[in-house]
Amino acid sequence: MAFWLFKSEPDVFSFDDLIAKGEKGEQWDGVRNYQARNNMRAMQVGERGLFYHSNIGKEVVGICEVVAPAHPDSTADDPKWECVDIKALARVNRPVTLDDAKVEPRLSKMVLVNNSRLSVQPVADDEWEVILELAGGTQEL
DNA sequence: GCCAACGTTGGC
DNA sequence: GCCAACGTTGGC
């Protein structure tokens, strides 16, 4: 099981918006970057990801789960752009900010810290554990 | 709102 | 196939 990180600007699509979509979730459309798309192609149903708010907040606010494997992005004119569907799973007890991640030595290799522009990122198992620890655990929805 | 970092495009 | 120019993202 691999772990992931999904980045979104909360004024465009926030974690609360994803929660509002319920069990069916929502397709993670709009990605037009090969690295991010390839990450989504590698995802399997049931794998989990961090939900990160960029620009506003700059923090991990929740956990989501992949509910459908990569399929063509219905908002793209070219079917080469694919996306997965995700649903909200849990809120973190305490948001973990980018600054938190930057000062945590165990997260020094994290993609979020080193390549802030990639919108869909892999998260290493130990990084996942550290984030959850900093978040003080999660609250199931 | 600025700018650095990065990815993509297109001319050669 | 290289690289300069350009566009976009996202932190500050």
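Visitor: In which strand is Phe3 found?
Guide: This is a predicted model: local features need pLDDT of at least 70, side-chain atom pairs count only at pLDDT 80 or more, and totals for chains, interfaces and linings use all residues. Residues are numbered from 1 along each chain as its sequence is written, while chains are lettered from A and ligands numbered from 1 in the order in which they are written. Elements are DSSP runs numbered from the N terminus, with at least four residues of H or I for a helix and at least two of E for a strand. Phe3 sits in strand β1.

Visitor: Does Phe3 count as buried, partly exposed or exposed?
Guide: Burial is a count of other C-beta atoms, placed from the backbone, within 10 Å: 20 or more is buried, 12 or fewer is exposed, and anything in between is partly exposed. Phe3 has 19 such neighbours, so its class is partly exposed.

Visitor: Which residues is Phe3 in contact with, leaving aside those within four places in sequence?
Guide: A contact means that two C-beta atoms, placed from the backbone, lie within 7 Å. With neighbours within four places set aside, the partners of Phe3 are Arg48, Gly49, Val123, Asp125 and Trp128.

Visitor: What distance separates the C-alpha atoms of Phe3 and Val66?
Guide: Along the chain, these two are 63 residues apart.

Visitor: What distance separates the C-alpha atoms of Asp17 and Ala88?
Guide: Asp17 belongs to helix α1, residues 15-20. It counts as partly exposed because 13 C-beta neighbours lie inside 10 Å. Ala88 is 71 residues from Asp17 along the chain, yet the C-alpha separation is 9.2 Å.

Visitor: Which elements do the buried residues of α2 pack against?
Guide: Helix α2 spans residues 34-41, and its buried residues are Ala36, Arg37, Asn39 and Met40. They share one side of α2, because they cover an arc of only 155 degrees around the axis, the arc being that of the directions from the helix axis to the C-beta atoms. Tyr34, Asn38 and Arg41 are exposed on the other side. The buried residues pack against β1 (3-8), β4 (59-72), β5 (82-97) and β6 (120-123).

Visitor: Which residues are exposed on the other side of α5, away from its buried ones?
Guide: In helix α5 (residues 125-134), Glu127, Trp128, Val130 and Ile131 are buried. Their arc around the axis is only 165 degrees, which puts them on the same side of α5. Their cover includes β1, β3, β4, β5 and β6. On the other side, the exposed residues are Asp125 and Glu133.

Visitor: Which residue just after α5 takes a positive phi?
Guide: Most residues other than glycine have a negative phi. Here the angle is about 65 degrees, and the residue is Gly136.

Visitor: What is the phi of Asn55?
Guide: Asn55 lies in the loop between β3 (48-53) and β4. It is exposed, because 11 other C-beta atoms lie within 10 Å. Asn55 is not a glycine, but its phi is positive, at about 65 degrees.

Visitor: What is the phi of Lys58?
Guide: Lys58 is also placed in the loop between β3 and β4. It has 18 C-beta neighbours inside 10 Å and so counts as partly exposed. Again the residue is not a glycine and phi is positive, at about 50 degrees.

Visitor: How many charged residues does the surface near DNA strand C have?
Guide: Near means a C-beta atom, placed from the backbone, within 6 Å. Asp, Glu, Lys and Arg count as charged; Ala, Val, Leu, Ile, Met, Phe, Trp, Tyr, Cys and Pro as nonpolar; the others, Gly among them, as polar. The classes are one nonpolar, four polar and, for charged, three.

Visitor: Which residues surround DNA strand B?
Guide: By class, this surface has one nonpolar, three polar and one charged residue. The names are Asn33, Tyr34, Gln35, Asn115 and Arg117.

Visitor: In what order do the elements of chain A run from the N terminus?
Guide: There are five helices and seven strands in chain A. Their order is β-α-β-α-β-β-β-α-α-β-α-β.
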